[in-house]
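Work through the exercises below with the sequence and the structure at hand. Try each task before reading its solution.

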Amino acid sequence: MEDTNFTIAKITHEIRNPLTLINSSLQLIESMHPEVKEFQFWSQTLEDVESLNLLLDDLASYSDKRRFFMCEVDLKEVVLSLQESLKPYILANRKHFSLHLPSQLPSVFGNPVKLKQAFLNLLKNAFESTGENGCVSMSIRKYLDQIIIRISDDGCGMTPEALETLFTPFSSHKSNGTGLGLAITQKIISAHYGKIEAASTPGRGTVFTITIPHL
């Protein structure tokens, strides 16, 4: 696995350099020749370059073996910040989001940026699986020495076959997916000494359950 991660990191670096030059060239062409924006495939070309950049970001996150900084984290602050970040997307796409938080919640030992990234990955998948007026909910509660986070949606759900490979790198059931988002999420949760599980029924939605020890 170490050799694989090193290889992925090296390839990612080698691809990013020429891609950065291509992106800069496209921006320069557009600034010098604004009329190029009228070209039939110009916007699609820019979107394709952006998709490659996002793929490289996912590859870099997956292959990064550095231990990230850990500290005492207030999960309520992380989740409330995430809720604010999601508001424009929710309004623009006519989605519904409900958040259920207890009045008191113990802190966890972790990295707030990485935890926010993990939750955002799950929420993004949940929203994308629902249609217009789709509903997504997130709840957090304390149980014994664990914090339990549940993210559920009323979307299209998944087959048992899809569930089996859900956290497998490069396995995606979305037409535009990299197959790395959930693998990265699982790595983040594992680094917080937690675990993540999924349950789903086709046509009825999906539930992700995360457990993380609290301080």
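A contact here means heavy atoms within 4.5 Å. The model is predicted.

**Exercise 1.** Which residues does K142 touch, not counting residues up to four places away in sequence?

Solution. Begin with the location: K142 is found in strand 4, residues 135-143. Next, leave out residues up to four places away in sequence; K142 then touches L105, P106, I147 and H214. Finally, look at its side chain, where a polar atom lies 3.1 Å from the backbone oxygen of L144.

**Exercise 2.** Decide whether K142 is buried, partly exposed or exposed.

Solution. Buried means under 20% relative accessible area, and exposed means over 50%. The value for K142 is 45%, so K142 is partly exposed.

**Exercise 3.** What is the strand order of the open sheet of five strands, and which strands stand at its edges?

Solution. The order is 2-4-5-7-6, with mixed pairing. Strand 2 (96-100) and strand 6 (195-201) each have a single partner strand, so they stand at the edges, and one side of each is left without a neighbour in the sheet. On average, neighbouring strands of this sheet are turned by 15° against each other, direction ignored.

**Exercise 4.** How do strand 4 and strand 5 run, and how many bridges join them?

Solution. Strand 4 and strand 5 (residues 146-153) run antiparallel, and eight bridges join them. Within this pair, R141 stands opposite I148 in strand 5.

**Exercise 5.** Which strands does helix 3 lie across?

Solution. Helix 3 (residues 75-92) lies across strand 2, strand 4 and strand 5. The helix runs at about 170° to strand 2.

How values were computed: Residues numbered from 1 in each chain as written. Predicted model: local features only at pLDDT ≥ 70, side-chain atom pairs only at ≥ 80, totals over all residues. Heavy atoms only, no water. Helix = DSSP H or I, 4+ residues; strand = E, 2+ residues; numbered from the N terminus. Buried < 20%, exposed > 50% of the residue type's maximum accessible area, 1.4 Å probe, protein only. Polar contact = N/O pair within 3.5 Å; in protein donor to acceptor, adjacent residues only side chain to side chain. Pairing = 2+ DSSP bridges. Axes fitted to C-alpha atoms, helices over the stretch in contact; angles between N-to-C directions.
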